[in-house]
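Hello,

Here is the structure I promised to pass on. Have a look at it first, and my notes follow below.

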Amino acid sequence: MSEDRQNKDFLNVALPKGRLGETVYQRFAAAGFECPALLENSRKLIFENASVGVRYFWVKPSDVAIYVARGAADIGVAGKDILLEYRPEVYELLDLGVGKCRMAVAAPVGYHEDPARTLRVATKFSRIARDYYAGMGRDIDIIHLNGSIEIAPILGLSDVIVDIVETGTTLRENNLEVRETIVQISARLIANKSGYKFKREKILKLMDGLGGKSE
Ligand code: PRP
């Protein structure tokens, strides 16, 4: 990282690329950290506004916590699902109350579980699934997939899935239903541990402007 990028005067912010990131940016802007160039239609990924001392990066949503944990960004916005799954070494500062969904167990409509058999669970969230079933003392076999999880029980690859449910449309359209909710999810403001110490004033100003529920 260049010296300039580490400059104490700049607050480096990793935003999740996409609609959620754009919504969150509007709130950051209203809190005094505007950077109008960010919403211009371009393929650029880094934007800064020297007059308020902020620099934004658009990154893949599941990568935000990596940038923040390693100090490439001082703060960022990450889903609670990612924080539970990867347990990055970051401070979780605020529940932003957006990006709401839930982590759930789903199965084909009418599926009957045989408690005597090892349950085959397809998921992108192996740790969350493992922790959930370990808490119930249930034997499972995790089948780790990277997307389109809903297809696994349809093709007989798994019995159930552990995945994110937002509107429920994907489940409905694939003849699946929620069996159990594991945890409610929303977007969180996270901070690098030393970034929080050295850029505390700016981060507190941002948090003040954002409001929201403190963790
Ligand atoms: C997520 C999730 C579900 C879907 C749920 O997928 O894995 O497939 O959204 O949303 P719904 O309840 O509103 O239908 P994502 O779009 O992240 O893609 P993925 O298949 O790569 O997981």
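Let me start in a loop: N175 sits between α7 (169-173) and β10, where helices (H or I, at least four residues) and strands (E, at least two) are DSSP runs numbered from the N terminus. N175 has a positive phi of about 60° although it is not a glycine. N175 counts as exposed because its relative accessible area is 51%; here buried means under 20% relative accessible area, exposed over 50%, and partly exposed in between (1.4 Å probe, protein chains only).

Before going further, a word on the source. This is a predicted model, in which local features need pLDDT of at least 70 and side-chain atom pairs count only at pLDDT 80 or more, while totals for chains, interfaces and linings use all residues. Residues are numbered from 1 along each chain as its sequence is written, and side-chain values use heavy atoms, with hydrogens and water left out.

S148 also has a positive phi although it is not a glycine, in this case of about 45°. As background, most residues other than glycine have a negative phi. S148 is found in the loop between β8 and α6 (151-154), and it is exposed, with a relative accessible area of 57%.

Now the chain as a whole. It has 9 helices and 12 strands, and its C-alpha atoms fill a box of roughly 60 × 35 × 30 Å along the principal axes. Of the 215 residues, 44% are buried. Taking contact to mean heavy atoms within 4.5 Å, 68% of the contacts between residues at least 6 apart in sequence join residues at least 24 apart. The chain exposes about 11500 Å², and carbon and sulfur atoms supply 48% of that; accessible areas come from the Shrake-Rupley method with a 1.4 Å probe, and for residues only the protein chains shown count as cover.

On charge, there are 30 positive and 29 negative side chains, and the centres of the two sets lie 2 Å apart. Lys and Arg count as positive and Asp and Glu as negative, without His and the chain ends; the place of a charge is NZ of Lys, CZ of Arg, CG of Asp or CD of Glu.

Q184 lies in β10 and counts as exposed, because its relative accessibility is 53%.

R138 is buried, with a relative accessible area of 15%. Beyond its neighbours within four places in sequence, R138 is in contact with E113, D114, P115, R117, T118, L119 and Y133. The C-alpha atoms of R138 and L119 are separated by 7.9 Å, though the two are 19 residues apart along the chain.

There is also a hairpin to look at. Strands β2 (residues 46-49) and β3 (residues 54-59) pair in the antiparallel sense over 4 bridges, and N49 has V54 as its bridge partner in β3. The hairpin has 4 residues between the strands, and G53 takes a positive phi near 70°. On β2, F47 and N49 form the covered face, while I46 and E48 form the uncovered one.

Last, K80 lies in helix α4 (residues 80-86). K80 counts as buried because its relative accessibility is 17%. Leaving aside neighbours within four places in sequence, K80 is in contact with E92, I185, S186 and R188.

Best wishes

Technical notes
Pairing = 2+ DSSP bridges.
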